[in-house]
Amino acid sequence: MTGTVITVTSGKGGVGKTTTSAAFGAALALRGKRVCLVDFDVGLRNLDLVLGIEKRVVFDFLHVVSGKAKLSQALIRDKRIDTLYVLATSQTHEKDALTYEGVASVIGQLQKEFDYVICDSPAGIEHGAMMALYHADHAIVVCNPEISSIRDADRILGFVSSKSKRAEEGRDPVREHLLITRYDDERVRCGEMLPVADVCDILSAELLGIIPESRAVLNASNTGLPASFDAGTDVGRAYRDAASRFFGEVPQPITVPMAAQVAVLESRPQRGFLRRLFRRS
Amino acid sequence: MIVNHPVRSGQKIYAAGSDLVILSSVSTGAEVLADGCIHVYGCLHGAAFAGVDGDQKARIFVKSLDAERVAIAGLYVNGLEFSEEWIGQPAQILLADGYLRMERIAR
């Protein structure tokens, strides 16, 4: 049995890819799946920080890619969730050190050992991002409800459907999921952010979940915990919801105030200010 | 030529010597081109160029009009010039008497 590769990507930076990789991966691991998180952001190592394992990194992804270390030496097991592993990236290597052959070999080995391999993509549409999405079976596109993030998400979805290994080999396309993060219901209501329905409409992709803007995210990364670890927070619930939606279970209605969204939809003018802006930008 | 996936920002699709049928949406920043007619059964947010090799009888049909730019046989109109009442409506665009003309079509 081979593991499923999930790439977390966005095009734009700072929208919550690393937070999502850690939180979503942990949510899968909390359900008993064997999960490995792989940081593709060479030179800007963050995933280990978010998970609070930065001091335990001795060998990294790049050492394994270049054959200087064995995979088993570089894999770091999470101390709280015992089916969650991390393959940290290098802070010192050049970005181009990720080679197609090297990455293919590491992903192949990981697929043998894990149910899910989660690739945390760097921002942008350059080499690192392409390497991160190349092996994807699923792509989780992280997007904030604002126009530049949406355009970049659209662009990266284009790469997912044309530049992945699945596309090159003419197999079934990569499953695309949309995860809206930093969603602020109040700001949507006063028209500063786009409603969920508009984002889904513009991106024509399946909605995996909505993660509310919350202090819990920063608190979690400051303490080195995945944001999904504490089911008592709104963010924790939202990530766990996204995980159950990923498995095709019908979870409770999307955690973020759906009632408010319905109100927004009903009272929505035919063409909002943002929509017009988006069209013209 | 038939395309059954969304055409994303930055992508460009050209149907040489034929019509182009798109069963999904065309995003802002995407371009679709055809030597013949273009049909978009989703929303057209991007740019559409029909009759690229000079066919003045080519037309563009969209289920929901919100284009950045449309052109037929080299004659173009910018989406900014569409009046609000056309936005989001089903429409066809054709060339008549040297001008691009927009007409409503059935929903």
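In chain A, 75% of the contacts (heavy atoms within 4.5 Å) between residues at least 6 apart in sequence join residues at least 24 apart. This is a predicted model, in which local features need pLDDT of at least 70, side-chain atom pairs count only at pLDDT 80 or more, and totals for chains, interfaces and linings use all residues. Residues are numbered from 1 along each chain as its sequence is written, chains are lettered from A and ligands numbered from 1 in the order written, and side-chain values use heavy atoms, without hydrogens and water.

Let's stay with chain A, which has 14 helices and eight strands (DSSP runs numbered from the N terminus: H or I of at least four residues for helices, E of at least two for strands). Of its 281 residues, 55% count as buried, meaning under 20% relative accessible area with a 1.4 Å probe, protein chains only.

Now find helices α6 (residues 127-134) and α7 (residues 147-163) of chain A, whose axes come within 10 Å and cross at roughly 55°. From α6(A), Met130(A), Leu133(A) and Tyr134(A) meet Ile156(A), Phe159(A), Val160(A) and Lys163(A) of α7(A).

Over in chain B, six strands make an open, mixed sheet ordered β1-β3-β5-β7-β10-β11; strands pair if DSSP finds at least two bridges between them. At the edges lie β1 (2-3) and β11 (99-104) of chain B, each pairing on one side only. β1(B) runs parallel to β3 (residues 20-22) of chain B, joined by two bridges, and Val3(B) has Ile22(B) as its bridge partner in β3(B).

Methods. Axes are lines fitted to C-alpha atoms, for helices over the stretch in contact, and angles run from 0 to 180 degrees between N-to-C directions. Buried means under 20% relative accessible area, exposed over 50%, partly exposed in between (1.4 Å probe, protein chains only).
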